[in-house]
Amino acid sequence: QLIPLFLIIGSGGVGAGLYLMRLAMFNPEVCWDKKNNPEPWNKLSPSDQYKFYSVNVDYSRLKKDRPDF
């Protein structure tokens, strides 16, 4: 009778771990390599979708509205 409980808690833990791994690897605010790319957020174009879920934003239509550094 405890097997479903262990499966649900285990799948929740695995899901949380995978989400944290996704945030650590693909989030533009996280910088692991400070020598080669100290500011990775400057290389993103406006059409890059870096959020996990966006409700009403179509990233393919966004225009660049910031200066290059």
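These are my notes on a predicted model of one protein chain.

**Ground rules.** I number residues from 1 along each chain as its sequence is written, and side-chain values use heavy atoms, without hydrogens or water. As the model is predicted, local features need pLDDT of at least 70 and side-chain atom pairs pLDDT 80 or more, while totals for chains, interfaces and linings use all residues.

**Whole chain.** I looked up the secondary structure first. The protein chain has 1 helix and 0 strands; these are DSSP runs (helices H or I, at least four residues; strands E, at least two), numbered from the N terminus. Of the 69 residues, 9% are buried (under 20% relative accessible area; exposed is over 50%, partly exposed in between; 1.4 Å probe, protein chains only). The accessible surface is about 6500 Å², and carbon and sulfur atoms hold 62% of that (Shrake-Rupley method, 1.4 Å probe).

I checked the UniProt record next. Its unreviewed entry lists residues 6–25 as "transmembrane region"; such annotations may be inferred rather than shown by experiment. In the model, this stretch is 100% helix and 0% strand. Its end C-alpha atoms lie 28 Å apart.

I then turned to A24, which sits in helix α1 (residues 3–26). Leaving out residues up to four places away in sequence, A24 touches V30 and W32 (contact: heavy atoms within 4.5 Å). V30 belongs to the segment after α1. V30 also counts as partly exposed, at 30% relative accessibility.
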